[in-house]
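This report is meant for a reader who is meeting the structure for the first time. Please look over the sequence and the model before reading on.

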Amino acid sequence: MQSILFNSIINITEPQFAQVLESAITRHHSFNAVTVINNISNFNFENTHVAFYQLNSSPISLELLQLTELAKHLKLVIVADSAQLANLAYEIGAIDFILTTANSMRINQCFEKLIHLCPLVNAHHQRHLEEQENSHLIVRDVGKVRLVDIEEIVWINGAGNYVELHCQDSPRPILHRETMKNLTEKLASKGFIRIHRSTLVRKKAISELIPTDCGDYKVILKSNAILNLSRRFKMNLEGILGI
């Protein structure tokens with residue numbers, strides 16, 4: 001396989017699942033293109049890497065022969081509405097078998113299997129994950145995982161092993177389980193500076209600095225939020241803002 005991304009075809013007779021699968025493929029970063037076909041006999045499989053094919057309950061011998069040959073040249077995923085066809089799917093040479101009732105998690109598991117079977121695509125996948133990690137914070141909540149774009153974060157305040165992420169256009173802070181020390185190291189290259197033991201702020205968000213009588217500063221943000229700069233972290237602003 002020369003392509004870094006998968007080109008795929010789908011031949012699914014169940015309309016609802018066909019739509020779900022096509023949408024999932026289109027959104028996934030490891031797929032380059034998807035083509036919907038109705039007949040594998042007349043399709044040119046050159047430059048195609050993955051085929052999703054729905055097998056009906058009573059497949060004919062010619063169909064099975066075509067699929068067996070197809071599995072020799074690309075990665076075949078058999079789809080069916082009955083689990084009883086699973087053994088037949090693997091006899092054909094399919095690398096996975098999924099039901100038409102499969103949810104998005106099961107479809108993603110299939111995608112992960114495809115990715116790990118191809119070194120080039122897997123390498124691309126790992127680079128994508130690294131880019132995601134460098135551009136987002138992964139916030140885990142009950143029953144879900146949220147990706148918070150670092151560019152949307154304005155300032156952060158911490159308490160123990162948790163921090164509150166204050167983002168643009170967000171009425172409430174987002175609670176995130178991570179220490180201020182870890183975030184300071186992670187976000188230093190993203191333009192964030194430490195101004196207090198429990199406060200991290202994006203430098204570009206600062207509008208004004210007002211000295212106080214006790215030697216500290218009031219940090220005024222462009223959003224009109226007011227933060228405290230303690231003397232302990234004064235050198236951070238002196239080095240970056242030249243004050």
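In which sense do β1 and strand β3 pair, and over how many bridges? Strand β1 and strand β3 (residues 50-54) pair in the parallel sense, over four bridges.

## About the model

The model is a predicted one, in which local features need pLDDT of at least 70 and side-chain atom pairs count only at pLDDT 80 or more, while totals for chains, interfaces and linings use all residues. Residues are numbered from 1 along each chain as its sequence is written, and side-chain values use heavy atoms, with hydrogens and water left out.

Helices (H or I, at least four residues) and strands (E, at least two) are DSSP runs, numbered from the N terminus. Two strands are said to pair if DSSP finds at least two bridges between them.

## The parallel strands

Strand β1 (residues 6-11) is mostly covered, since six of its six residues are buried, where buried means under 20% relative accessible area, exposed over 50% and partly exposed in between (1.4 Å probe, protein chains only). Phe6, Ser8 and Ile10 point one way from β1, whereas Asn7, Ile9 and Asn11 point the other way, and all are buried. In a regular strand the side chains alternate between the two faces of the sheet. On the side of β3, Ile9 stands opposite Ala51. Strand β1 is also joined by five bridges to strand β2 (residues 31-36), and these two run parallel; here Ile10 has Val36 in β2 as its bridge partner. Between β1 and β2 the chain passes through helix α1 (residues 15-27), and this β-α-β crossover is right-handed, meaning that, with the strands pointing away from the viewer, the path from the first strand over the helix to the second runs clockwise.

Strand β4 (residues 75-80) is largely enclosed by the rest of the structure, because six of its six residues are buried. Lys75, Val77 and Val79 point one way from β4, and Leu76, Ile78 and Ala80 point the other way. Strands β3 and β4 pair in the parallel sense over five bridges, with Tyr53 standing opposite Ile78 in β4, and the chain crosses from β3 to β4 through helix α2 (residues 61-70) in a right-handed β-α-β crossover. Strand β4 pairs with β5 as well, in the parallel sense over four bridges, and Ala80 stands opposite Leu99 in β5. From β4 the chain reaches β5 through helix α3 (residues 86-92), and this crossover is right-handed.

## The antiparallel strands

Five strands form an open sheet in the order β10-β9-β8-β12-β11, and the pairing is antiparallel. Its edge strands are β10 (174-177) and β11 (192-196), each of which pairs on one side only. Within this sheet, strand β8 (residues 153-159) and strand β12 (residues 199-202) run antiparallel and are joined by three bridges, with Trp155 opposite Val201 in β12.

Strand β14 (residues 217-221) and β15 pair in the antiparallel sense over four bridges, and Val219 has Leu227 in β15 as its bridge partner. Four residues lie between the strands of this hairpin, in which Asn224 takes a positive phi near 75 degrees. Strand β15 (residues 226-229) has a covered face, made of Leu227 and Leu229, and an uncovered one, made of Ile226 and Asn228.

## Salt bridges

Six salt bridges are found in a search of the whole structure, each being a side-chain nitrogen of Lys or Arg within 4 Å of a carboxyl oxygen of Asp or Glu. One of them joins the side chains of Asp96 and Arg106 (2.8 Å, N to O). This pair links distant parts of the chain, 10 residues apart, with Asp96 in strand β5 (residues 96-99) and Arg106 in helix α4 (residues 104-116). Asp96 is buried, with a relative accessible area of 5%, whereas Arg106 counts as partly exposed at 24% relative accessibility.

Another salt bridge is formed by Lys181 and Glu185, whose closest N and O atoms are 3.0 Å apart. Because these residues are four residues apart in helix α6 (residues 180-187), Lys181 and Glu185 are separated by about one helical turn, and both Lys181 and Glu185 are exposed.
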